[in-house]
Every structure is written in structure tokens, then in C-alpha cells.
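Please keep the sequence and the model in view while reading the points.

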Amino acid sequence: MNKTIRRSAVLTLLLVLALLVRATWVQFYDGTALADDQNNRRNAIKTYADPLGNIIVAGESITGSARTKGSDLAYKRTYTDGELYAAVTGYASQAYAPTQLEGVYQDLLDGTDLRLRTVMDTVTGQRADPGNVITTIDPAVQKAAFEALGDKKGAAVAIDPATGKILAVVSTPSYDPSSLTDAGTAGTAWKKLNADEDKPLTNRALRQPLPPGSTFKLVVAAAALEDGLYGSVDEKTVSPDPYTLPETETELSNENPSAPCENATIRTALQYSCNNVFAKMAVDLGQDKVRATAEKFGFDDETQDVPVRAYESVYPSDMNKSSTALTGIGQYDVTATPLQMAMVSAAIANGGKLVSPHMVSQITDGGGDVLEDYDSEAGTKEIMSSDTAEQLQSAMRTVVEDGTGTNARIGGATVGGKTGTAQHGENNSKTPYAWFTSYAKADGKEVAVAVVVEQSNAARSEVSGNGLAAPVAKAVMEAALKN
């Protein structure tokens with residue numbers, strides 16, 4: 001073979017190899033990227049070629065699928081009581097990426113989860129029958145929270161302390177997910193919802209951390225008791241009133257100037273929500289000890305999944321002493337979601353142990369066989385000793401029976417709580433946030449609840465945790481204890 005032929009053969013071989021490499025790249029890499037592209041119409045056609053699986057509450061589907069007309073997308077998602085459950089379900093849209101449980105379990109609900117495939121599905125290449133998501137939500141508790149919040153801008157979360165089951169997740173104002181399901185009409189609804197200044201698409205219960213105000217004093221109290229700074233909730237503290245913030249000339253005031261806050265016990269300080277006591281307590285403990293306790297409760301956790309990813313609740317770091325003092329009353333850069341503050345009450349109510357909160361009990365295949373059981377997998381961690389928890393339960397009961405949380409009283413039930421009114425805006429120029437976190441026990445049943453009201457029709461002078469948030473929490477607790 002002469003040199004020219006050899007060179008031609010080598011060149012031809014290289015061209016063939018290059019063609020094979022390119023074909024492989026296009027088929028496996030670019031092809032996968034195109035298939036996964038959310039703008040690929042063929043994906044939507046495939047997803048909505050058949051009915052989706054369903055999200056279940058108390059044995060009943062709160063989702064469905066309806067046949068469409070005049071569209072290459074054969075089915076669209078439907079919702080029962082869409083506004084009531086929007087913070088749980090999210091939406092599955094022909095036009096937009098799914099959210100909340102619809103997004104977390106998208107593959108299960110559209111039948112592409114590999115765990116759903118049978119041998120026959122693998123042979124035929126057919127999509128498997130979709131699975132279902134069975135939630136922990138209690139419809140009576142969910143409805144009570146939704147109705148009690150009414151036209152207020154706010155959120156509520158209820159947890160069973162013993163099991164970690166989330167009984168209610170409500171965010172108001174809400175929206176109807178059905179308005180976003182049809183590709184032909186979703187765009188108009190999307191623009192309207194996003195233009196709404198009240199942000200109905202925001203899940204305030206899980207994904208909007210706000211300053212928790214005085215409800216955070218429970219965390220500081222737990223840190224002080226666990227550290228041994230104070231031996232009991234009835235031991236007098238060293239707390240001057242007024243308290244001058246360290247390294248400043250600023251005096252920290254109390255909401256009630258006549259309250260017995262000077263050197264008050266933790267019980268009395270929670271009862272009257274004494275700022276001076278908890279600000280100084282945070283300084284005496286030091287930010288590292290307060291942060292360590294906060295993180296046990298779930299603060300600073302970037303991966304808090306229930307299974308929807310909740311936004312991180314934050315206890316800040318690298319502070320001076322005056323800023324540390326302000327964190328003691330839930331201000332400065334402390335933030336928390338209602339989920340987080342419900343977790344605080346749940347751990348206290350459950351003897352110091354926090355069971356992992358979750359709002360999905362099981363996921364099943366189309367035939368009802370369980371693929372994963374989250375109830376049995378829920379972990380438990382010790383946040384504080386049982387003695388500390390019992391003391392805080394007692395002090396929280398004093399808050400409801402004789403303190404700032406009297407609007408949460410329930411006849412025949414043991415109720416403990418903590419109010420909070422958090423500053424909002426520069427120099428507290430905007431309407432404060434009203435908080436209430438609590439627990440209730442009766443006849444072997446128990447529940448932990450957190451409520452935040454961002455805005456209501458109440459006058460600014462009437463905004464308080466007891467006035468706005470406690471009645472909502474009471475309604476939620478009553479519903480949970482009746483079931």
C-alpha cells in the first residue's frame with residue numbers, strides 16, 4: 001500500500017470516528033438535555049397524556065385530572081378546595097414548573113418514578129401507573145386555621161408533638177391552584193398573582209422567615225436552664241429594669257412599664273414578656289450558647305425538608321454584645337418561619353424531644369403498595385432535658401392562664417403559649433408582626449401550633465400576639481383536640 005492510500009485510509013478512519021463521537025454526544029448528552037428542558041413541548045405532552053396520581057388528605061383525594069378539549073395536552077390537573085390546601089399541594093401546571101408537594105413528588109405523580117415500573121412496563125416502554133402521596137394533614141385542623149386567619153395576611157402551622165405529623169399548613173391570602181393548570185389560561189392568572197402586593201403565591205408558613213419577637217424568649221430560656229445559668233423557672237434572675245444595652249446608652253424598655261420585670265424569674269418574665277430579662281440573659285449566656293440551643297431546635301438548618309424545603313430560620317453570628325442582647329428578644333437579625341416556632345413548642349410539649357416534622361405519611365404506587373413510610377422513618381432528637389421541658393411547659397401555662405396569652409385559653413384543656421410582637425420596618429415604622437406559639441393537651445391528645453399575622457385590619461395600637469395571633473392558635477388547637 002503506497003503512502004497516499006495509507007494517509008487517505010487514516011483520514012477516512014478519523015472522520016468516521018469523529019462522526020461516531022458526535023452522534024454519541026448528540027444522542028446521549030444533548031438528547032438528555034433536550035429531553036429535560038422544561039420548554040420541550042414533548043415533555044408536557046407526555047406528562048399530561050394520562051391522569052396524574054393524587055395527593056390524599058384523610059383518605060380523600062384533594063387533586064384530580066380532567067380531560068381537555070382541543071389541546072395536544074390530553075389532561076390537566078384539578079383541585080378540590082384549592083385555596084384551602086394550596087400551601088400543601090402547590091400546583092402542577094401545563095405552563096409552569098410544579099411547586100410544593102406537586103413538585104417534590106413530580107416523578108411519582110406523573111408515573112416516571114423508577115420505583116413504579118413493572119417488568120412489563122420495562123419491556124413495553126410504557127409509562128407506569130402513577131403513584132399517590134398520602135399526607136399527614138388533618139382536614140378539620142387545616143380548615144380551622146384557614147378560617148381563623150380569614151382575611152389576615154399570615155400563616156399557621158400545627159404539629160403533633162408525639163409523632164412529628166404536620167396537621168395543618170396554611171398561608172393567607174391564598175390562591176386557587178386550578179387557575180394555573182391550563183396552559184391556555186395560566187399566563188393571565190400568573191401575571192395577576194405575581195402582581196398582587198400581598199404575594200399569595202408565597203408560602204408564608206414554610207418559606208417566609210420573619211423576626212419572631214418575644215416567642216424566641218422560649219429558646220433563650222431553654223438555653224439558660226440547660227446551661228445552669230438559672231436552676232429553675234422560679235429562681236430570681238439578675239435583671240435590672242431598665243436594662244442598658246451593653247456598650248451603649250440605649251435603655252431597653254418593656255411593653256408594660258408597670259410589670260414586675262426587675263430581677264424577675266423566668267416564669268414571671270415569660271408571663272409579662274419582660275425584655276430586660278431575656279436581653280441580659282442572652283448577653284450573660286453569650287451568643288454561642290444561645291445559637292447552640294437555637295440550632296438544636298432547627299435554626300440555621302439550610303436543608304429543612306418536610307419534605308417541601310422550608311426556608312432557613314436564622315440565629316446570627318459575629319455580633320457585639322448589644323446586638324446579642326437584641327437577639328434575646330427575637331430581634332436584630334433573628335428570623336423564623338411559623339414551622340420553626342411550632343417546632344419549638346412541639347419539643348417543649350414532648351418532654352424535650354423533637355420528632356422530625358413531616359407532612360407526608362406515605363407514598364404509594366398505583367395499586368396502593370407503600371413505597372416509603374415517612375411516619376416510621378421520622379427521627380427523634382433530644383433538644384433539652386425532660387426537667388427543662390416540664391418547667392417551660394409550666395411557665396407557658398402561666399402565660400396563658402395569667403399572662404399575655406389569655407386569648408388562647410381552652411376550657412377542659414391544658415394550654416401553654418408565648419406571645420410575640422416583632423418590630424417591622426426602620427424604627428418600627430410599619431405594622432408589627434403578631435406571633436403566638438403554643439401547645440395544648442386534653443384527653444390523651446396534644447398539638448403544637450405557631451401563628452404569625454403580618455397584617456390585618458386592626459389598628460396599630462391593637463396589634464399584639466394575644467390580640468391577633470392567639471385566637472387563631474386557639475381555633476386550631478380546639479380543632480386538633482376534638483378529632
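1. The model is predicted. Taken along the principal axes, the C-alpha atoms of the protein fill a box of roughly 100 × 60 × 40 Å. The secondary structure consists of 18 helices and 18 strands.

2. The protein has 483 residues, and buried residues make up 50% of them. Among contacts with a separation of 6 or more, 67% are between residues 24 or more positions apart. The accessible surface comes to about 21,600 Å², and carbon and sulfur atoms contribute 48% of that area.

3. Charge. The protein carries 43 positive and 60 negative charges.

4. The whole structure holds 15 salt bridges. One of them joins Glu372 to Arg115, with the closest N and O atoms 3.3 Å apart. The pair links distant parts of the chain, 257 residues apart: Glu372 belongs to strand E14 (residues 370-373), while Arg115 sits in the loop between helix H5 (106-110) and helix H6 (119-124). Glu372 counts as partly exposed because its relative accessibility is 23%. Arg115 is also partly exposed, with a relative accessible area of 42%. Asp113 joins Arg115 and Glu372 in a network of salt bridges.

5. Arg291 and Asp288 form a salt bridge whose closest N and O atoms are 3.0 Å apart. Both residues lie in helix H13 (residues 287-297), and their spacing of 3 residues is about one turn of the helix. Where do the two partners stand, buried or exposed? Arg291 is buried, since its relative accessible area is 12%. Asp288, at 54% relative accessibility, counts as exposed.

6. A further pair. The side chains of Asp305 and Arg309 meet in a salt bridge, with an N to O distance of 2.2 Å. Asp305 is partly exposed at 39% relative accessibility, and Arg309 is partly exposed with a relative accessible area of 37%. The reader may wish to view this pair with the distance in mind.

7. Lys280 is located in helix H12 (residues 275-285). Which residues does Lys280 touch, not counting residues up to four places away in sequence? They are Val238, Ser239, Pro240 and Tyr243. Lys280 is classed as buried because its relative accessible area, 15%, falls under 20%.

8. The nonpolar patch. Val10, Leu13, Leu14, Val16, Leu17 and Leu20 make a nonpolar surface patch of about 550 Å². Of these residues, Val10 has its place in helix H1 (residues 3-36). Val10 counts as partly exposed because its relative accessibility is 48%.

9. The negative patch. Glu226, Glu382, Asp387 and Glu390 form a negative surface patch. Asp387 is in helix H17 (residues 386-402). With a relative accessible area of 44%, Asp387 is partly exposed.

How values were computed. Residues are numbered from 1 along each chain as its sequence is written. This is a predicted model: local features need pLDDT of at least 70, side-chain atom pairs count only at pLDDT 80 or more; totals for chains, interfaces and linings use all residues. Side-chain values use heavy atoms; hydrogens and water are left out. Patches are made of residues with over 30% relative accessible area and no salt bridge: like charges are joined within 9 Å, nonpolar side chains (Val, Leu, Ile, Met, Phe, Trp, Tyr) within 5 Å. Accessible areas come from the Shrake-Rupley method with a 1.4 Å probe; for residues, only the protein chains shown count as cover. A salt bridge is a side-chain nitrogen of Lys or Arg within 4 Å of a carboxyl oxygen of Asp or Glu. Lys and Arg count as positive and Asp and Glu as negative; His and the chain ends are not counted. The place of a charge is taken as NZ of Lys, CZ of Arg, CG of Asp or CD of Glu. Helices (H or I, at least four residues) and strands (E, at least two) are DSSP runs, numbered from the N terminus. Buried means under 20% relative accessible area, exposed over 50%, partly exposed in between (1.4 Å probe, protein chains only). Contact means heavy atoms within 4.5 Å.
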